[in-house]
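Subject: Structure handover and notes

Dear colleague,

Here is the structure I promised to pass on, with the sequence alongside.

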Amino acid sequence: MRTDAHVEDLLRRLAPQVLGVLVRRYGQFDACEDAAQEALLAAAVGWPAEGIPDNPRGWLITVADRRMADQLRSEQARRRREDRVAAQAPPEASLAPAPGDDQRPEHDDSLTLLFLCCHPALSPASQIALTLRAVGGLTTAEIARAFLVPEATMAQRISRAKQRIKATGIAFRMPAEVDREERLRAVLHVLYLIFNEGYSASSGPDLQRSELTREAIRLTRDVHCMLPDNGEVAGLLALMLLTDARRAARTGPDGALVPLAEQDRGLWDRDSIEEGIALVTDALSRTRLGPYQVQAAIAAVHAEAARDEDTDWPQIVTLYELLGRISPNPVVTLNHAVAVAMVRGPRAGLDLLKTLDGDDRVARHHRLEAVRAHLLEMAGELEAARSSYRVAARRTTSLPERRYLETRAARLTEHER
């Protein structure tokens, strides 16, 4: 059953808070997530018809807590039956909401939960996957697409991460300052992926999922407040703000995708742009350089251009070359190829794309063919461009992207007539 947009947004914001309270109280991550999900489902079904309670956070915590209490009692009964050993019942206080828990809407365990999921006892891949699930609220299928792996593989990864937390008895508390840097890289990567899923939804009828971008920005602000002198945290926040500033211009009235070159820049959010530029400028001037700062600097160059033709593409090429040295990956190469084509011509960009044809991470991904189609169109090779657009359209699971790619292919067909 679909909920209205307001309830969906509220539940996504409250979900990690409710899970955080349960994990802090009971310490059983897997069971706590099940209880939290049952409470969220009950709210998703009931609230649209019955109305949102005065204290929605407290309502969810109470329902989830009762579920956990029932589960604990059931587990105790099972043990008595199986082991014939009298089990000590937990104190009643542990089965009811802790004093004041449901009366403190300002108390948010999301950041503590974020660092718990990025504990060094977990592998980096498990840290990211679990945090996307528990804090970001993404489905297993969405996380699998973000990692370009099968859904079953991702489900196993998340399950193992939960089992690892249970086996090691990791405490639910903010890490000491000396330990925070260990987890920060995974934390930032998680927030980056959550934002990307919101900004360009990997599947479904909508191009954007603004609730995810807002949540990623909110959590990144929290981390920035805690670590104000960390250049990469500031860089990531700047990147998000500068990118999200274009949101209103990315779709037309019918929801169709509008590429960057054709966007109405008057719709861009100037406050977000100014904040993002100030953040990255400050970070670049006084902190150690990192990949998020470089990506934010690239976004700032785009934001500073009043028109697409005013874009300083040579500077962007230089920044992508720097990014490729400090953080090489196929997505960087894809974007670098576009920038190179704008400066040195489409053939130079296509030559750079060829280096990705044997890369299993992107060889079958729609973005590689979409970029190839764009550069072939720039080069005047319309038949080859049309073919690549159609391949990209078949591969994407995003309906707005598919419609855009099919439209591009159809326009090339009309052009040849």
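The buried residues of H7 are Thr 140, Glu 142, Ile 143 and Ala 144, with buried meaning under 20% relative accessible area, exposed over 50%, and partly exposed in between (1.4 Å probe, protein chains only). These buried residues pack against helix H6 (124–134), H8 and helix H9 (177–199), contact being taken as heavy atoms within 4.5 Å.

Some conventions before going further. The model is predicted, so that local features need pLDDT of at least 70 and side-chain atom pairs count only at pLDDT 80 or more, while totals for chains, interfaces and linings use all residues. Residues are numbered from 1 along each chain as its sequence is written, and side-chain values use heavy atoms, with hydrogens and water left out.

On the nonpolar cores, each is a set of buried Ala, Val, Leu, Ile, Met, Phe, Trp, Tyr and Cys residues joined through side-chain atoms within 4.5 Å. The largest has 87 residues, and the members that touch the most others are Phe 29, Leu 60, Leu 113 and Val 223. Helix H1 (residues 5–26) supplies the largest share of this core, namely eleven residues.

Turning to charged pairs, the search of the whole structure finds 23 salt bridges, a salt bridge being a side-chain nitrogen of Lys or Arg within 4 Å of a carboxyl oxygen of Asp or Glu. One of them joins Asp 30 to Lys 162, with the closest N and O atoms 3.6 Å apart. Since Asp 30 lies in helix H2 (residues 29–50) and Lys 162 in helix H8 (residues 151–168), the pair ties together parts that are 132 residues apart in sequence. Asp 30 is partly exposed at 34% relative accessibility, whereas Lys 162 is buried at 11%. Asp 30, Glu 33 and Lys 162 are also linked in a network of salt bridges.

A further salt bridge is formed by the side chains of Glu 381 and Arg 347, at 1.8 Å from N to O. Glu 381 lies in the loop between helix H17 (366–378) and helix H18 (382–395), and Arg 347 in helix H16 (residues 346–353), so this pair ties together parts 34 residues apart in sequence. Glu 381 is partly exposed, with 32% relative accessibility, and Arg 347 is partly exposed as well, with 40%.

Arg 408 and Glu 377 also meet through their side chains in a salt bridge, here at 2.7 Å from N to O. This pair links distant parts of the chain, with Arg 408 in helix H19 (residues 399–416) and Glu 377 in helix H17, 31 residues apart. Arg 408 is buried, its relative accessible area being 12%, while Glu 377 is partly exposed at 22%.

As for the cysteines, the count of disulfides comes to zero, a disulfide being a pair of cysteine sulfur atoms within 2.5 Å. For Cys 32, the closest cysteine sulfur, in Cys 117, is 12 Å away, which is too far for a bond. The sulfur of Cys 118 also has that of Cys 117 as its closest, and at 6.5 Å this is too far for a bond. Cys 32 is buried, with a relative accessible area of 0%, and Cys 118 is buried at 0% too.

Gln 263, in the loop between helix H11 (231–244) and H12, is buried at 9% relative accessibility. Not counting residues up to four places away in sequence, Gln 263 touches Arg 246, Ala 249, Arg 250, Val 258 and Trp 268; the C-alpha atoms of Gln 263 and Arg 250, 13 residues apart along the chain, are separated by 6.6 Å. Ser 272, found in helix H12, is buried at 15% relative accessibility and, with the sequence neighbours up to four places away again set aside, touches Leu 241 and Ala 245.

With best regards

Key. Helices (H or I, at least four residues) and strands (E, at least two) are DSSP runs, numbered from the N terminus.
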